[in-house]
Each structure stands twice: as structure tokens, then as C-alpha cells.
Amino acid sequence: MALQTLQSSWVTFRKILSHFPEELSLAFVYGSGVYRQAGPSSDQKNAMLDFVFTVDDPVAWHSKNLKKNWSHYSFLKVLGPKIITSIQNNYGAGVYYNSLIMCNGRLIKYGVISTNVLIEDLLNWNNLYIAGRLQKPVKIISVNEDVTLRSALDRNLKSAVTAAFLMLPESFSEEDLFIEIAGLSYSGDFRMVVGEDKTKVLNIVKPNIAHFRELYGSILQENPQVVYKSQQGWLEVTIDKSPEGQFTQLMTLPKTLQQQINHIMDPPGKNRDVEETLFQVAHDPDCGDVVRLGLSAIVRPSSIRQSTKGIFTAGLKKSVIYSSLKLHKMWKGWLRKTS
């Protein structure tokens with residue numbers, strides 16, 4: 001039965017993909033419509049499907065998509081593919097979403113992002129938006145042979161493990177690690193205050209431990225600090241929390257996170273370089289908290305800008321409906337928690 005469900009889902013995803021222009025370097029689907037979540041998002045059958053399409057030439061892709069799917073776009077469609085691409089690349093988190101679309105009998109939303117912008121986010125965590133989505137289990141429907149993109153996808157996962165190690169204590173469970181990783185892209189996200197269920201990260205991780213193992217298993221097995229027994233479902237970690245060990249990890253963090261940490265810790269007038277600041281942070285007993293502040297400094301403005309952009313890309317009516325659905329889900333989570 002599980003195999004039939006998996007095959008049925010795959011057929012559904014491919015049929016939906018056939019409604020869009022084919023020139024995709026990466027296409028994936030994520031969220032509660034794909035992977036079961038606990039709490040108010042547990043109704044998998046009727047959940048909205050969230051897609052992301054990565055394209056090498058967004059102007060050409062939007063031009064074709066406007067011809068095929070004119071009704072998907074808000075009033076911005078009258079401005080044409082060049083302006084749409086400019087809005088996509090230069091505002092928010094570099095992704096353009098069309099929301100609340102009925103496609104092949106399912107309610108979907110889809111985001112379009114330039115391949116170059118995605119690679120930059122995966123490597124440097126400029127926005128930690130789509131890169132954050134890809135730190136959690138997703139269903140990849142299509143990916144080309146772009147070596148740079150594949151390498152960046154792998155680098156993003158390794159960076160997520162490093163950041164989580166810095167924020168966790170010396171000893172922790174496998175579930176603790178996956179919860180920390182899943183929460184990276186929600187650090188400072190204003191939607192976690194208004195619009196999202198407060199237990200969202202736990203709801204993502206707990207029913208999907210096996211999928212997180214599949215995503216991170218090889219990285220953990222190759223890490224010398226980890227003894228990983230995936231078949232038994234446990235890991236034994238000896239994290240080097242010495243200043244030298246933490247400095248080594250801090251130096252491998254994505255560039256934007258390093259810069260944010262430098263901005264937070266560098267006193268006015270000092271103008272220290274990033275390496276000097278990271279050396280100081282490595283000796284700080286609150287090193288993990290500083291990393292968390294750095295993440296928040298990336299995620300908070302990115303999430304605010306992207307949500308603001310969504311009002312224009314979705315249109316006012318759809319934005320109100322979409323926000324109402326999110327608030328309803330948040331309310332259901334609160335009721336479940338208090339009952």
C-alpha cells in the first residue's frame with residue numbers, strides 16, 4: 001500500500017510538472033502535502049503542494065509560462081517577463097511565487113528561482129530561504145547534470161550540520177540534531193510569531209526521522225566526530241567544543257553567516273576582520289548563541305521582504321486567503337496544544 005501511494009504521488013507530481021515549461025535545472029516539491037507532519041498539517045491528502053522550479057534563464061521561462069499559464073500571475077503579468085524577473089531577483093529572497101493555483105486537481109503554489117541565485121544561497125546563505133527548504137526532506141522531481149548545482153546542494157547540507165553542531169551541547173540525540181537543523185531557516189522568521197504553528201519544527205521532524213536519516217546519513221557517517229548507527233537509529237557524537245575545534249567549524253560556515261557574526265560581535269570603531277572575530281567567538285562560552293543570532297540576522301529580514309513581495313506576486317485577494325489559511329493552521333495548533 002505504501003509503495004502504491006508513493007507511485008501515485010510520483011505520477012501526480014510529474015503530471016503537474018507537465019503543465020509548465022520544461023527548461024528546469026531543478027524541480028522539487030516539499031511541505032505537508034508530501035511528507036506527513038504532526039499537528040494541524042496532518043491532513044496530507046488535502047494539503048497544498050509546494051513546488052520550487054529552478055531555471056537558468058528566468059526571463060525566457062516566465063515568457064513561456066505566461067503564454068501557458070497567464071491566469072497564474074497577479075496583475076504584475078501585464079508588466080511582462082523582464083519586470084517579473086527583475087522583481088524575482090532583486091526583491092525578497094530571490095524567488096517568485098504564484099500561489100493558490102488549481103492544477104491537475106490539486107491546490108498548489110510554485111516558486112521560481114534563478115539557478116545562479118539558488119547556488120549563491122546554497123553556498124553562502126545569503127537569504128537561507130530556498131537553501132533552508134533544501135535542508136529538510138524534499139521530493140526532487142527533476143535535476144539536471146549541473147555539477148556546480150549538485151555540489152552546492154551537498155555543501156548546503158554539510159553547512160547545516162556544522163551550524164547545528166556549534167549550537168548543540170557536547171552530547172545530544174539524533175532527534176536533537178535533526179530538530180536543530182530543521183530550525184535553522186526558522187531562526188528569527190517573523191512568521192513563527194504570526195502565521196505559523198509554534199511547534200512547526202517538531203511537527204516536521206518527529207514523523208520524518210527516517211527521511212532526515214536518508215538526507216544526512218552519508219554526511220554523518222563521513223564525519224570523524226560522529227559514530228553513526230543508522231540501522232539501529234542512534235548516533236554517538238563527540239563534538240570538539242575546545243576553542244580550536246569551534247574555530248575550525250566557524251571558519252567553514254557560509255560566508256554570509258560569518259559576516260553577520262562579525263557584524264554582531266565587532267564593537268564600533270574596531271573594524272576587525274571576520275577571522276579575528278570568529279577566533280574571539282570560538283573562545284566564548286556562548287558561541288552557539290552567537291551563531292543563532294547570526295542566523296536570525298539573515299532569516300528575519302529575508303522572511304519579511306519575501307512575505308511583503310508575496311502580496312504583489314500573489315495579488316491582494318490571494319494573499320488574504322493564503323494568510324487566513326496560515327492563521328487557521330496556527331489556531332488549530334494552539335487549540336490542540338491547550339486541549
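The legends below describe close-up views of a predicted model. Local features need pLDDT of at least 70 and side-chain atom pairs count only at pLDDT 80 or more, while totals for chains, interfaces and linings use all residues. Residues are numbered from 1 along each chain as its sequence is written, and side-chain values use heavy atoms, with hydrogens and water left out.

**Figure 1. Overview of the protein chain.** The chain has 14 helices and seven strands; helices (H or I, at least four residues) and strands (E, at least two) are DSSP runs, numbered from the N terminus. Of its 339 residues, 52% count as buried (buried means under 20% relative accessible area, exposed over 50%, partly exposed in between; 1.4 Å probe, protein chains only). Among contacts (heavy atoms within 4.5 Å) between residues at least 6 apart in sequence, 69% join residues at least 24 apart.

**Figure 2. Surroundings of N69.** N69 is in the loop between α2 (58–68) and α3 (81–90). Its relative accessible area is 10%, so N69 is buried. Leaving aside residues up to four places away in sequence, N69 touches H19 and F20. The N69 side chain reaches the backbone oxygen of H19 at 3.1 Å.

**Figure 3. The aromatic pair F20 and F53.** Rings of Phe, Tyr and Trp (its six-membered ring) pair if their centres lie within 6.5 Å; planes under 30 degrees apart count as stacked, over 60 as edge-to-face and the rest as tilted. By this rule there are 12 aromatic pairs. In one of them, F20 and F53, the ring centres are 5.0 Å apart and the planes are at 55°, so the pair is tilted. F20 belongs to the loop between α1 (2–17) and β1 (26–30) and F53 to strand β2 (residues 49–55), so the pair ties together parts that are 33 residues apart in sequence. Ring pairs link F13, F20, F51, F53, W61 and Y110 into a cluster.

**Figure 4. The aromatic pair F247 and F279.** This pair is edge-to-face, with 5.5 Å from centre to centre and 85° between the planes. Because F247 lies in helix α10 (residues 243–250) and F279 in helix α12 (residues 274–282), the pair ties together parts that are 32 residues apart in sequence. F247 is buried at 18% relative accessible area, whereas F279 is partly exposed at 46%.

**Figure 5. Charges over tyrosine rings.** A charge sits over a ring if NZ of Lys or CZ of Arg is within 6 Å of the ring centre and within 35 degrees of the ring normal. The charged end of K109 is over the ring of Y97, 4.9 Å from its centre. R133 lies over the face of Y129, at 4.9 Å from the ring centre.

**Figure 6. Nonpolar cores.** A nonpolar core is a set of buried Ala, Val, Leu, Ile, Met, Phe, Trp, Tyr and Cys residues joined through side-chain atoms within 4.5 Å. The largest core has 63 residues, of which I130, L177, F178, Y216, L250 and I261 touch the most other members. Helix α6 (residues 147–167) gives the most to this core, with 11 residues. A second, separate core of 26 residues includes F13, V34, Y96 and I101.

**Figure 7. Cysteines C103 and C287.** C103 is buried, with 4% relative accessible area, and C287 is buried at 1% relative accessibility. The structure holds zero disulfides (a disulfide is a pair of cysteine sulfur atoms within 2.5 Å).

Technical notes. Polar contact = N/O pair within 3.5 Å; in protein donor to acceptor, adjacent residues only side chain to side chain.
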